[in-house]
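Student: I'd like to go through this one with you and check each label against its definition. Can we start once the structure is up?

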Amino acid sequence: MSELPNCPKCDSEYTYEVGLLLTCPECAHEWSKSEVSATEAVRVWKDANGNILQDGDSVTVIKDLKVKGSSSAIKGGTKVKNIRLIEGDHDIDCRIDGFGAMQLKSEFVRKV
């Protein structure tokens, strides 16, 4: 028996086939097998202006960002060098002078 892919919506492992479609019993999402191969494409990270980001790029923060657990914020215009792209909600891993190691969302930065 071939192994079926996890649900692309909720990542449930309990998917099953119904005719030509794959179905998730947990969220009721249905998709075709051809959609599975399209979703497995290489992820592309883009900044707020739509420019493609890569590991090692330098970016600038476009607005003031509150830092959880700190009384200060990262000011808009702060330059961040040598970013690393990661999977997840906060998709940029970096080090900011005066704050240390951080994770940022790509929607709040602009490529330099």
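Student: What is the strand order in the open sheet of three strands, and which pairing does the sheet have?

Tutor: The order is E1-E2-E3, with antiparallel pairing. Before we go on: this is a predicted model, where local features need pLDDT of at least 70, side-chain atom pairs count only at pLDDT 80 or more, and totals for chains, interfaces and linings use all residues. Residues are numbered from 1 along each chain as its sequence is written, and side-chain values use heavy atoms, with hydrogens and water left out.

Student: What makes E1 and E2 a pair?

Tutor: Strands pair if DSSP finds at least two bridges between them, and a strand is a DSSP run of E with at least two residues, numbered from the N terminus. E1 and E2 (residues 21–23) are joined by three bridges, so they meet that definition.

Student: Why are E1 and E3 called edge strands?

Tutor: Strand E1 (16–18) and strand E3 (30–32) each pair on one side only.

Student: What makes E9 and E10 a pair?

Tutor: Strand E9 (residues 92–96) and strand E10 (residues 100–104) run antiparallel and are joined by five bridges. Ile96 has Gly100 in E10 as its bridge partner. Their hairpin has three residues between the strands, and Gly98 there takes a positive phi near 90°.

Student: And which strand is on the other end of a hairpin with E9?

Tutor: That's E8, with six residues between E8 and E9, and Gly88 in the turn has a positive phi of about 125°. Strand E8 (residues 84–85) pairs with E9 in the antiparallel sense over two bridges, and Leu85 stands opposite Ile92 in E9.

Student: Which residues of E9 are on its covered face, and which on the uncovered one?

Tutor: Ile92, Cys94 and Ile96 are on the covered face, while Asp93 and Arg95 are on the uncovered one. In a regular strand the side chains alternate between the two faces of the sheet.

Student: What lines the largest pocket, and which strand gives the most to its lining?

Tutor: The lining includes Lys63, Asp64, Ile74, His90, Met102 and Phe108. E10 gives the most, with three residues. Strand E5 (65–66) and E10 each supply at least two residues.

Conventions: Helices (H or I, at least four residues) and strands (E, at least two) are DSSP runs, numbered from the N terminus. On a 1 Å grid over the protein atoms alone, a cavity is a set of points where a 1.4 Å probe fits but cannot get out, and a pocket is an open set with protein on both sides within 12 Å along at least five of seven lines; lining residues have an atom within 4 Å of a point. Buried means under 20% relative accessible area, exposed over 50%, partly exposed in between (1.4 Å probe, protein chains only).
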